[in-house]
Amino acid sequence: MGGRTVVTSAHVVGGLGARVEVFHPGASADPPGKTPLGGTVVWCGTPGGRGDAALVLVDDDTRWRAPVAPVRWGRLITDGPGTACETWGVPNAAQREGRKVEAVQLRGEVNPGTGFAGNQHVFDLLQNPPVWPGDGSPWGGLSGAGVFGDRLLFGVVASDRAFSGHGQFNFIPAYVLFHDPGFRAVLAEQTGWEPGLEAVEFQSLAGTAPAGGKALRSPAALLEAGRQTVPFRGRAQLLERLVTWCEQDGFGAWLLHGPGGQGKTRLAHELGHQLGQQTDSGRWAVLWPHADATGEALRELRHALKPLLVVLDYAENRTHQITALVEAAAEHSGNTPFKLLLLARTGGDWWTRAKSATGLADEYLDGAPAHLLEPLESDRSDRARAYRGAAQALAETLPRVNGCADTNWQAAADALTVPALGQEGYGNALTLHMTALADLLDTAARPTTSETGTPLGPATVDQGVEDRLLGHERRYWEQTATAQGLSSVLGLPVLETALAAAHLVGAGGDEQADRIWCALPALADQPRTRRDGVTTWIGTLYPPTAAGRPWGGLQPDRLAERHLGRVLDNSPALAERLRKEADETQSAHLLDLYARAASHPVFEQRLDTALTSLCVRHQRQLAAQTVTTATRTDHPAPLIAALDTLSTDPTTQLDDLTALHDRLPHSSERLAHTAVRLTQAVTSRYRQLADSDPSHLPRLAAYLNNLSVRLGDLGRREEGLSAIREAAKIRRVLADASPDSFLPDLASSLNNLSVQLGDLGRHEEGLSAVLEAVEIWRGLVDVRPDAHLPDLAMSLSNLAARLGHVGKYEEGLEASHEAIRHYRRLADSSPDTYVPHLATSLNNLSVQLGDLGRHEEGLSAVHEAVEIRRVLAESSPDAHVPDLAMSLNNLAVRLSDLGRDEEGLSAIHEAVQIRRRLSAVSPDA
């Protein structure tokens with residue numbers, strides 16, 4: 001299982017503490033040639049029972065061929081039949097007297113329903129069972145063999161299955177063993193890590209997990225969140241809220257965002273660990289999909305029947321996967337938890353777009369908590385203790401790093417003097433851990449005490465902690481390059497540039513990697529074998545985390561960003577060269593990494609200037625990626641500067657301006673000012689064209705309409721009103737001349753004009769505008785109801801609000817009734833899109849009726865809203881439970897108005913219970 005631990009069956013050992021012999025297949029069967037090793041049973045289940053397994057610690061490890069890394073464990077989380085599996089063992093059927101112990105490898109499949117009641121799985125052989133004379137079983141001796149589904153161990157062979165003709169045997173599922181805390185504790189103690197259960201059926205979606213017991217290539221690997229080197233601390237309340245959220249049935253999404261190194265990934269691993277300790281709700285499976293997982297593959301998660309937590313790291317760059325996971329959730333049974341935890345550096349615009357990307361996304365993600373992760377070490381007085389704890393934990397693990405085994409790291413940790421930790425940056429957990437690691441590495445390289453015996457603190461270094469750690473990482477780069485014969489022919493500077501290029505654009509395969517090297521002058525003229533050697537070198541340094549990728553990345557991110565920034569600062573032409581060969585995915589990656597590197601203060605905005613210039617010079621190639629990256633990166637300034645430069649530059653072509661405008665998201669807080677500038681620029685150009693050529697008037701009106709919305713987003717309502725008045729005036733003239741073409745545009749502008757006037761408190765004028773819009777939509781619906789009925793319903797809702805503001809409650813009520821009739825019709829044909837709108841309209845109607853004293857009718861309306869929202873909340877609680885609570889609150893008021901206080905009390909009790917749960921998960925909201 002890792003280290004010196006072996007798994008077997010309980011019924012072949014003598015119980016806890018018993019002495020056993022362990023050997024490899026191929027050992028001689030004769031006693032003189034037999035080479036067993038001594039072992040002790042350190043955990044033992046019930047022989048012949050549900051937990052018929054045991055763990056043996058091999059005491060004599062001098063001849064033991066230990067695995068390189070601990071085994072990864074799994075469980076089946078669907079009931080789909082025919083999951084492939086295999087096992088190795090030394091059954092009786094393979095043994096011959098006088099010969100070495102022989103092994104057999106068997107292939108089979110598992111049908112999860114077989115053995116379900118007894119918490120067993122059944123291995124169905126895919127080959128014919130051996131003919132076995134006499135008593136006993138041909139599979140005697142196979143007990144204790146591990147059953148694997150590809151790379152995951154998910155069971156231990158127990159016994160031949162009765163009445164199967166030796167074509168089946170029972171095995172103990174891993175989830176049964178993990179149910180026992182003693183099993184997990186021994187496994188963690190002996191292997192150096194505490195594994196969780198991964199989903200066997202979906203392991204092709206999972207990235208490569210850090211192996212807890214594996215030798216580490218470089219000190220920086222200790223800082224990878226997945227290795228959990230430094231014990232988890234703090235965030236107890238947030239973690240409790242996340243666990244509570246996970247325990248709720250059905251689908252739920254939660255966004256955790258914060259700067260790099262704030263502890264998002266570490267918190268997600270701890271959440272998965274805590275869920276793995278639960279036994280009352282069934283063993284959880286945790287899936288971290290890799291970045292290349294396709295939407296089609298992710299949608300298969302709809303078949304999950306066991307509690308499943310999906311963690312999507314760098315979610316801001318993976319919105320297409322979010323969409324696929326929501327589609328999977330829509331087809332999931334909802335009987336068990338299906339939770340999506342998103343980790344990102346920022347919230348805001350990209351998250352808003354992801355939630356509205358599709359109708360399902362809007363339904364399932366609306367109301368999902370978005371939590372900004374605050375600094376972990378905000379209490380300055382506690383940082384010294386956190387630093388000491390990190391140094392001790394790192395010292396314990398450093399001997400596993402290649403080349404570090406001969407140093408007394410414990411003594412180095414004990415000799416450390418805690419540095420001054422008062423600066424705000426030390427509130428970041430990663431900064432504190434990096435400082436402790438850099439201090440350890442620096443201190444270990446020099447005497448720990450002065451000649452007088454006084455302890456020496458860490459070396460004083462002018463560079464940041466990232467640069468200090470990169471100095472130690474470079475030794476690893478050079479050692480590996482020397483071993484592979486690259487240092488002498490290329491030199492480390494060339495290789496460091498290649499490593500920066502690899503991080504900057506990434507590669508989907510060896511051929512794409514070679515195109516990167518051909519873009520670098522120092523490598524372009526090298527033979528292909530040597531360029532392939534560079535690919536191998538980087539893949540050795542940082543193994544790929546997804547199949548088909550030639551390399552992974554330097555972790556943590558801030559080290560990769562600092563290295564990349566140093567190279568770009570010295571060689572800004574690198575990005576220019578790589579841009580020429582980059583596809584769309586690589587271009588997006590380039591801008592994202594460039595912006596993150598530029599955010600490091602050490603570069604004093606030099607990289608900002610270079611990145612802005614790159615985006616402006618190549619705006620036609622990079623426009624889409626510039627807009628998208630600006631909405632999701634935590635350092636958008638250089639990208640926004642590029643967009644603003646293009647917007648205000650009179651030499652920018654109109655086609656380029658309109659292309660940029662069309663790429664802007666419909667609503668963006670981050671790009672709100674840029675959107676106004678860009679829309680003003682396009683509007684101005686079309687006004688100039690329309691002055692001499694009226695054929696440009698439709699486009700001018702369209703951009704004026706957009707400009708009014710953009711100005712409204714900034715609260716510049718008077719300017720927005722001026723723009724929408726001009727748009728409506730133009731469209732009225734156009735509609736008079738060509739009503740079939742331009743009446744819908746006029747109605748849309750009139751509806752927007754009504755909203756703008758209402759926002760300014762000019763309700764009478766707003767009422768006049770929306771009345772005209774409704775009249776137009778009515779005529780259009782008569783001709784094309786499918787196309788325009790949603791517009792009419794929306795304008796009727798707007799009309800009801802305007803009528804209410806001017807005191808015409810009965811007429812407003814009539815408009816609400818008509819809007820509801822239309823939403824009923826729309827919901828019949830497209831329920832996913834319009835049923836939530838129907839519920840909202842019914843809830844609002846109830847309030848209007850109550851205000852008019854028509855309590856019975858108001859009660860009927862809100863009853864229907866509650867029924868609809870109960871159904872919606874069952875399938876998508878995150879999206880609709882808050883609305884259900886609101887309608888229950890309204891229901892309680894209506895019941896109270898009618899004197900039905902007991903029923904009203906019951907309704908408000910339920911609303912309070914729901915809101916208690918919601919406030920525990922998302923108190924700010």
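Tutor: Let us begin with a term: two strands pair if DSSP finds at least two bridges between them. The model before us is a predicted one.

Student: How many bridges join strand β8 to β11, and in which direction do the two run?

Tutor: Strand β8 covers residues 121–125. A pair needs at least two bridges. Between β8 and β11 there are four bridges, and the strands run antiparallel.

Student: Which residue of β11 does Phe123 stand opposite?

Tutor: Strand β11 spans residues 168–173, and β8 spans residues 121–125. Across from Phe123, the residue in β11 is Phe169.

Student: How many bridges join β10 to β11, and which residue stands opposite Asn170?

Tutor: Strand β10 (residues 152–160) runs antiparallel to β11, with five bridges joining the two. Opposite Asn170 in β11 stands Ser159.

Student: How many residues of β11 are buried?

Tutor: Buried means under 20% relative accessible area. Strand β11 is mostly covered, and of its six residues the number buried is five.

Student: Is Glu466 buried or exposed?

Tutor: Glu466 belongs to helix α12, residues 465–483. The cut-off for a buried residue is under 20% relative accessible area. Because its relative accessibility is 7%, Glu466 counts as buried.

Student: Which residues is Glu466 in contact with, leaving aside neighbours within four places in sequence?

Tutor: Contact means heavy atoms within 4.5 Å. With those sequence neighbours left aside, the partners of Glu466 are Met434, Arg558, Leu559 and Arg562.

Student: What is the volume of the largest cavity?

Tutor: The structure holds four cavities of 30 Å³ or more. For the largest, the volume is about 50 Å³.

Student: Which helix supplies the largest share of the lining of the largest cavity?

Tutor: The lining residues include Gln512, Arg515 and Ile516, as well as Leu578 and Glu581. Helices α15 (510–518) and α19 (573–581) each supply at least two residues of this lining. The largest share, three residues, comes from α15.

Student: How many residues in the lining of the second largest cavity are charged?

Tutor: Among the residues lining the second largest cavity are Glu316, Arg345, Asp592, Arg596, Arg632 and Asp634. Asp, Glu, Lys and Arg count as charged. Besides one nonpolar and two polar residues, the number of charged residues in this lining is six.

Technical notes. Residues are numbered from 1 along each chain as its sequence is written. This is a predicted model: local features need pLDDT of at least 70, side-chain atom pairs count only at pLDDT 80 or more; totals for chains, interfaces and linings use all residues. Side-chain values use heavy atoms; hydrogens and water are left out. Buried means under 20% relative accessible area, exposed over 50%, partly exposed in between (1.4 Å probe, protein chains only). On a 1 Å grid over the protein atoms alone, a cavity is a set of points where a 1.4 Å probe fits but cannot get out, and a pocket is an open set with protein on both sides within 12 Å along at least five of seven lines; lining residues have an atom within 4 Å of a point. Grid points are joined across faces, edges and corners, and a volume is the space filled by probe spheres set on the points.
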